[in-house]
Amino acid sequence: MSSLDQDQCLHPSCRDKTTVSSDPSDACDLAKQPLQGLKLASHEVLENAQQKGRLKCTKCGGSRMFFCYTCCSLVGVTLQDIPLIKLPVKIDIIKHPNETDGKSTAIHAKILAPNDVTIYTYPCIPDYEKDKVVLVFPGPGAVSVRDMMQCLYDRTDSQSHDYSHGHSVKRLKREEGQGATHTDKNPESGTQDEKEGSESRVYPLQRVVFIDSTWNQTNKISTDERLQDFIRVELKTRKTCFWRRQKGKPDTYLATIEAIYYFLKDYHELFVAEEYKGEYDNLLFFYSYLHSVINTAKASAGKC
């Protein structure tokens with residue numbers, strides 16, 4: 001079993017109901033329900049790798065299963081064996097330096113979407129253009145994913161005045177379609193300023209930042225002055241299926257990979273396409289497999 005079956009780092013960015021319950025029978029029933037209906041690549045390769053057991057990482061020599069969370073490399077499986085995902089926005093993860101690598105699900109995102117996900121270890125924080133980036137983290141002033149885009153437009157309005165105030169985010173999907181058609185027909189039309197202005201209106205969000213840390217450790221990162229001017233986004237409508245009970249913690253935390261997945265799913269449904277067709281489900285490729293294995297083991301041991 002991977003070390004990810006230990007206490008995993010939870011992402012404190014969401015006010016969600018958790019599947020963890022004080023009633024053992026409830027927990028067992030809930031354990032059977034989450035992650036159903038996802039459009040996932042076959043887990044056969046993970047099943048075969050698990051049967052072989054842990055292997056040494058060729059880079060660091062650590063004993064690992066599926067992947068090395070230290071080197072961010074696959075172990076016992078190849079790139080051809082796993083799904084690789086293209087994301088609609090770039091994802092940055094700020095990881096607490098004291099967090100144990102093997103307890104974090106952030107590595108799942110990096111391995112499955114390597115071209116769109118970057119993990120930084122605090123105090124390393126990039127120099128962001130704050131009118132094009134949001135921080136997924138709860139707190140006073142945090143907005144929903146639905147309201148996030150309008151906040152970005154309003155911020156751009158106040159800074160650039162390049163277009164009229166009150167630009168409606170409801171027009172985003174339609175403008176994307178019209179923009180693509182217009183570009184295909186006449187790619188040379190319009191001045192460079194007009195093209196850049198159009199892009200900023202249609203794609204105001206370029207990067208999303210997540211904090212990867214236990215709740216007790218988040219304060220140091222979330223209060224860093226370099227993150228204070230960000231629009232903060234809070235997820236409110238999703239349920240976690242995290243498999244480890246967090247004593248003394250509220251039932252409102254998602255694992256980091258869950259937070260990333262649900263943000264992207266909401267973003268897609270609201271701003272990219274009317275219907276979500278499982279485009280990012282494979283972000284939960286490792287997570288869903290581990291969830292199944294761990295809860296099956298618990299049930300077999302009479303702990304569920």
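View 1. E47 is partly exposed, because its relative accessible area is 38% (buried means under 20% relative accessible area, exposed over 50%, and partly exposed in between, with a 1.4 Å probe and protein chains only). The model shown here is predicted: local features need pLDDT of at least 70, side-chain atom pairs count only at pLDDT 80 or more, and totals for chains, interfaces and linings use all residues. Residues are numbered from 1 along each chain as its sequence is written, and side-chain values use heavy atoms, with hydrogens and water left out. E47 belongs to helix α2; helices (H or I, at least four residues) and strands (E, at least two) are DSSP runs, numbered from the N terminus. Between the C-alpha atoms of E47 and F66 the distance is 10.0 Å, and the two residues are 19 apart in sequence.

**View 2. The packing of helices α2 and α9.** Two packed helices are described by the angle between their axes and the distance between the axes. Helix α2 (residues 44-52) packs on helix α9 (residues 285-300) at an angle of about 55°, and their axes are 11 Å apart. This angle makes α2 oblique to α9. Axes are lines fitted to C-alpha atoms, for helices over the stretch in contact, and angles run from 0 to 180 degrees between N-to-C directions. Angles under 35 degrees count as roughly parallel, over 145 as roughly antiparallel, 65 to 115 as roughly perpendicular, and the rest as oblique. On the α2 side the contact is made by V45, L46, E47 and Q50, and on the α9 side by F285, F286, Y289 and V293 (contact means heavy atoms within 4.5 Å). These contact residues comprise six nonpolar, one polar and one charged. Ala, Val, Leu, Ile, Met, Phe, Trp, Tyr, Cys and Pro count as nonpolar, Asp, Glu, Lys and Arg as charged, and the others, Gly among them, as polar.

View 3. Helix α9 has 16 residues and reaches 23 Å from its first C-alpha to its last, close to the 22 Å expected at 1.5 Å a residue. The expected span is 1.5 Å times one less than the number of residues. Among the buried residues of α9 are F285, F286, Y289 and V293, which also take part in the contact with α2. Other buried residues of α9 include Y287, L290 and I294. After α9 comes G302, whose phi is positive, near 75°.

**View 4. Helix α8.** Helix α8 (residues 256-272) has 17 residues and reaches 22 Å from its first C-alpha to its last, close to the 24 Å expected at 1.5 Å a residue. This helix is mostly covered, with 14 of its 17 residues buried.

View 5. F66 lies in strand β4 (residues 66-68), and its phi is near 75°, a positive value in a residue other than glycine. F66 is buried, with a relative accessible area of 3%. C72, in the loop between β4 and β5 (73-75), has a phi near 60°, likewise a positive value in a residue other than glycine. C72 is partly exposed, with a relative accessible area of 30%. P123 is found in the loop between β7 (117-121) and β8 (133-136). The peptide bond from Y122 to P123 is cis, with omega near 15°.
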